[in-house]
Amino acid sequence: MGAAIRRPLTEMFAGSGLRDEPWVLHFHCYLLRDAAGRLTLVDTGIGAADSPAASWAPVPGTLAGELAAAGVAPAEVGAVILTHLHSDHASGAVAEGRPVFENARYVVQQAELEAAAGPMLDDVVSVIKGQLHAVDGDAEVAPGVHVHLAPGHTPGHQIVRAGEVAMTGDLVLHPVQLADPAIPYLYDDDPEAAARTRAEVLARLRAERAVLATAHFAEPFTAL
Ligand SMILES: [Zn+2]
């Protein structure tokens with residue numbers, strides 16, 4: 001599920017050696033359905049026309065239409081995992097001042113909630129607060145679906161694991177960071193922590209032969 005915008009690569013990934021050309025930034029969310037039919041959504045994209053992402057992203061996002069095309073009603077989703085509270089991942093959690101997924105738990109790391117501020121606090125967290133499922137570190141949040149704290153991009157950034165697939169949020173933004181996890185991303189909150197986490201987590205996922213499901217690569221799935 002995605003839309004795309006263009007950003008200058010040399011600015012976004014300093015020292016990467018990438019050419020001075022636009023970066024086509026995609027936005028992917030992932031819907032998991034287990035054998036019992038339970039549905040878990042990982043991230044909610046850029047959201048409605050009045051979303052906090054409206055100042056920079058191509059709103060409205062396309063998640064609602066893509067769920068409908070997959071035959072999924074929002075009320076059927078049992079858990080929504082937000083990898084972090086940036087506007088291109090969490091804004092689609094709400095629309096018209098209400099939670100979009102009325103029966104879902106919204107799974108967010110405690111550290112991320114504590115750091116929430118501005119429109120993401122006022123327009124998203126405060127709207128979903130009655131459905132929040134705060135976790136602290138590693139947790140199984142639905143059968144076979146695990147979250148793992150992976151801080152640096154944001155204080156409470158988390159990744160999601162389901163079988164061999166790892167949904168990595170903004171652990172990596174561009175394939176160049178797979179080859180060199182030390183390459184920073186302009187909007188990492190804590191670049192050193194982000195680089196350390198990226199190196200550690202990618203090494204572990206590579207050893208486990210995980211398949212990455214990224215938020216922003218052109219191709220959603222990437223083998224390591
Ligand atoms: Zn992002």
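Along the chain, the donors of the zinc ion follow the spacing D-H-x80-D-x45-H; donors here are N, O and S atoms within 2.8 Å of the metal (3.2 Å for Na, K and Ca), and since water is not among the atoms, sites may look incomplete. It's a predicted model, so local features need pLDDT of at least 70 and side-chain atom pairs count only at pLDDT 80 or more, while totals for chains, interfaces and linings use all residues. Residues are numbered from 1 along each chain as its sequence is written, and side-chain values use heavy atoms, with hydrogens and water left out.

Holding the zinc ion are Asp88 (OD), His89 (NE2), Asp170 (OD), Asp170 (OD) and His216 (NE2), at 2.0 to 2.8 Å. Two of these sit in distant parts of the chain, 81 residues apart: His89 in helix α3 (residues 87-90) and Asp170 in the loop between β13 and α6 (176-179). Helices (H or I, at least four residues) and strands (E, at least two) are DSSP runs, numbered from the N terminus. His89 is buried, with a relative accessible area of 1%, and Asp170 is buried too, at 3%; buried means under 20% relative accessible area, exposed over 50%, and partly exposed in between (1.4 Å probe, protein chains only).

Now for the sheet. Six strands make an open sheet with mixed pairing, in the order β10-β11-β12-β13-β14-β15. Its edge strands, β10 (139-142) and β15 (221-223), each pair on one side only; strands pair if DSSP finds at least two bridges between them. Inside the sheet, β12 (residues 158-162) and β13 (residues 165-167) run antiparallel over three bridges, and Arg161 has Ala166 in β13 as its bridge partner.
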